[in-house]
Amino acid sequence: MRELLFVFIGGGMGSVLRFMVSMWWRHMQCHPRYASIIFPWPTLVVNLIGSLLISVLYWLMESHWQASPEQRLLLTTGLCGGLTTFSTFSYETATLLSSGHYGLALLYIGISLTMGILLAFVPIWIK
């Protein structure tokens, strides 16, 4: 039961951070310069940050911190799980494809997968 509480708290924090990124983007789209952009930047940004963050956190917890199992759950399953939005990524990709934006959909998939995997290698490369 205690583990669920840590996942719940971390997940709430991650979800709030993801929501804040989306709200920031909506605010940016009020400016005429950004109003016509349909590319799903907020989801891409949180997925890339989440890919980097989860691998850095695991690396730090394994090599530098004496993290408890609860701390690991809070930061990885909770925070990173709440922050990243793979289900939203899938939905937005399907929306781009169904609306005929094939090039943007392929670009979105390519950047998300390639950069996400590359960013997950950062702590391995800096060892």
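How close do the axes of helix 2 and helix 5 come, and at what angle do they cross?

1. **What you are looking at.** This is a predicted model, in which local features need pLDDT of at least 70 and side-chain atom pairs count only at pLDDT 80 or more, while totals for chains, interfaces and linings use all residues. Residues are numbered from 1 along each chain as its sequence is written, and side-chain values use heavy atoms, with hydrogens and water left out.

2. **Confidence.** pLDDT is the predictor's confidence in each residue, from 0 to 100. The protein chain has a mean of 93, and 100% of its residues reach 70 or more. Helix 5 has the highest confidence, at 96, and helix 6 (residues 122–126) the lowest, at a mean of 90.

3. **Overall layout.** The protein chain has 6 helices and 0 strands (DSSP runs numbered from the N terminus: helices are H or I with at least four residues, strands E with at least two). The C-alpha trace spans about 50 × 30 × 25 Å along its principal axes. Of the 127 residues, 30% are buried, meaning under 20% relative accessible area; exposed is over 50% and partly exposed in between, using a 1.4 Å probe and protein chains only. Take the contacts (heavy atoms within 4.5 Å) between residues at least 6 apart in sequence: 69% of them join residues at least 24 apart.

4. **Helix 2 with helix 5.** Back to the opening: these axes come within 8 Å and cross at roughly 20°. Axes here are lines fitted to C-alpha atoms, for helices over the stretch in contact, and angles run from 0 to 180 degrees between N-to-C directions. The two helices are therefore roughly parallel; angles under 35 degrees count as that, over 145 as roughly antiparallel, 65 to 115 as roughly perpendicular and the rest as oblique. Their crossing is right-handed, i.e. the near helix is turned clockwise from the far one by less than a right angle, with anticlockwise being left-handed. Helix 2 brings T43, L44, L48, S51, L52 and S55 to the contact, and helix 5 brings Y108, I111, S112, M115, G116, L119 and A120. That splits into 8 nonpolar, 5 polar and no charged residues, where Ala, Val, Leu, Ile, Met, Phe, Trp, Tyr, Cys and Pro count as nonpolar, Asp, Glu, Lys and Arg as charged, and the others, Gly among them, as polar.

5. **Helix 4 with helix 5.** Helix 4 (residues 86–98) and helix 5 (residues 102–120) have axes that come within 7 Å and cross at roughly 155°, so this pair is roughly antiparallel. The crossing is left-handed. F89, E92, T93, L96 and L97 of helix 4 touch Y102, L104, A105, Y108, I109 and S112 of helix 5. By class, that is 8 nonpolar, 2 polar and 1 charged.

6. **Helix 2 with helix 3.** Helix 2 (residues 41–63) packs on helix 3 (residues 69–83) at about 170°, with axes 9 Å apart, so they too are roughly antiparallel. From helix 2 come V46, I49, G50, L53, I54, L57, Y58, M61 and E62, meeting R72, L75, T76, L79, C80 and L83 of helix 3. Here the tally is 11 nonpolar, 2 polar and 2 charged.

7. **A proline to look at.** P69 lies in helix 3 and is exposed, with a relative accessible area of 57%. From P69 to L104 is 35 residues in sequence and 40 Å in space, C-alpha to C-alpha.
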